[in-house]
Amino acid sequence: MKFRAKIVDTACLNHFTRERGVSNMIAKLAKTCTLRISPDKLNFILSDKVANGGVSMWCELEQENFFSEFQMEGVSAENNEIYLELTSENLSRALKTAQNARALKIKLTNKHFPCLTVSIELLSVSNSSRVVTHDIPIRVIPRKLWKDLQEPTVPDADVSIYLPVLKTMKSIVEKMKNISNHLIIEANLNGELNLKIETELVCVTTHFKDLGNPPSASEDVSQDRNPEQMAEVRIDIRRLLQFLAGQQVNPTKAVCNIVSNKIVHFDLLHEDVSLQYFIPAFS
């Protein structure tokens, strides 16, 4: 089992390491996560049991879009993958030191314990280079547990809708958190999205209009559905805020998929990084 990779392109380094980059987004979304390494992709996975009220996440990077060198050998020829559990903040903290670096190397090592070793080549004032190394403790996940870490099955949504600017959405949800622990997201096929909280004393709703629906959303949904009919799901407001806090940059694409009274699935694209995030209904 081997893994080593190198990034030298400045734009790729920034996208991977900067404060608003991939590693920091993952750290905000999950305290610990699984890193899945395959010949053509890297995935960051959070797989809390949705049935128990947990969220799940599937973040995907095409390795050829980031790495100038990429070599890996999985656990076997038949199962050419590696699954590692790590603390997201440890990776984010290590990669923050790589801002303005000349090169970044990541390697699977064993230094009395399994590590993901991050080596960062930095330029000094005298134009000579120095290397900073971080050893991030990891746990190698055995093959028998991989089945719980596969890409989530995306349920057929009752309504899919494009999201408003996430910074605006976050500001609204932060204010709502002071009133209620739960929030109702509802949307229809007319491009309308509502964020709503209800308590014994007050009902507050924020309306968004003309957001648009993905083309497939209108085509795939039953023709019997009234475009004005709302699909809704009631969720833990803290789960939604955690998701929104991880989105430091407005994505290229942001879609909200609602399965009424069951789950809300966010599908985002950040440049070359795709993110799927699932929040179950609060029961």
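Q: How many cavities of 30 Å³ or more does a search of the whole structure find?
A: One. The model is a predicted one. The largest cavity has a volume of about 50 Å³.

Q: What makes a space in this model a cavity rather than a pocket?
A: A 1.4 Å probe fits there but cannot get out, so the space counts as a cavity; a pocket is an open set.

Q: Which residues line the largest cavity?
A: Phe-3, Phe-16, Leu-35, Leu-42, Phe-44, Leu-91, Ile-106 and Leu-116.

Q: What about Cys-203?
A: Cys-203 is in no disulfide either. The nearest cysteine sulfur, that of Cys-256, is 19 Å away, and the cut-off is 2.5 Å.

Q: Why is Cys-12 called buried?
A: Its relative accessibility is 14%. Buried means under 20%, so Cys-12 counts as buried.

Q: Why is Asp-210 called exposed?
A: The relative accessible area of Asp-210 is 73%. Exposed means over 50%, so Asp-210 is exposed.

Q: Which loop holds Asn-261, and what is its phi?
A: Asn-261 is in the loop between strand E16 (253-259) and strand E17 (263-270). Its phi is near 60°, a positive value in a residue other than glycine.

Q: Is Asn-261 buried or exposed, and how do you know?
A: Exposed. Its relative accessible area is 57%, and the cut-off for exposed is over 50%.

Q: Which residues of helix H6 (residues 237-245) are buried?
A: Ile-237, Leu-240, Leu-241, Phe-243 and Leu-244.

Q: What covers the buried residues of H6?
A: The cover includes helix H2 (22-29), helix H4 (166-177), strand E12 (182-187), strand E15 (231-236), E17 and strand E18 (273-280).

Q: Why is Asn-24 called buried?
A: Asn-24 is at 7% relative accessibility. The cut-off is under 20%, so Asn-24 counts as buried. Asn-24 is in helix H2.

Q: What does Asn-24 touch beyond four places in sequence?
A: Arg-18, Glu-19, Ser-92 and Lys-96. Asn-24 and Gln-248 are 224 residues apart in sequence and 9.0 Å apart in space, C-alpha to C-alpha.

Q: What makes Met-72 a buried residue?
A: Its relative accessible area is 13%. Buried means under 20%, so Met-72 is buried. Met-72 lies in strand E5 (residues 69-73).

Q: How far apart are Met-72 and Lys-2?
A: They are 70 residues apart along the chain, with C-alpha atoms separated by 5.2 Å. Met-72 is in contact with Lys-2; its other contacts beyond four places in sequence include Phe-3, Ile-37 and Ile-82.

Q: Why is Leu-86 called buried?
A: Its relative accessible area is 3%. That value is set against a cut-off of under 20%, so Leu-86 is buried. Leu-86 lies in strand E6 (residues 82-87).

Q: Which residues does Leu-86 touch beyond four places in sequence?
A: Among them are Leu-35, Leu-91 and Leu-116. Leu-35, Leu-91 and Leu-116 also line the largest cavity.

Q: How do you know that Leu-193 is buried?
A: Leu-193 has a relative accessible area of 0%. Buried means under 20%, so Leu-193 is buried. Leu-193 lies in strand E13 (residues 193-198). Its contacts beyond four places in sequence include Ile-161, Ile-185, Phe-208 and Leu-211.

Key: Residues are numbered from 1 along each chain as its sequence is written. This is a predicted model: local features need pLDDT of at least 70, side-chain atom pairs count only at pLDDT 80 or more; totals for chains, interfaces and linings use all residues. Side-chain values use heavy atoms; hydrogens and water are left out. On a 1 Å grid over the protein atoms alone, a cavity is a set of points where a 1.4 Å probe fits but cannot get out, and a pocket is an open set with protein on both sides within 12 Å along at least five of seven lines; lining residues have an atom within 4 Å of a point. Grid points are joined across faces, edges and corners, and a volume is the space filled by probe spheres set on the points. Buried means under 20% relative accessible area, exposed over 50%, partly exposed in between (1.4 Å probe, protein chains only). Helices (H or I, at least four residues) and strands (E, at least two) are DSSP runs, numbered from the N terminus. Contact means heavy atoms within 4.5 Å.
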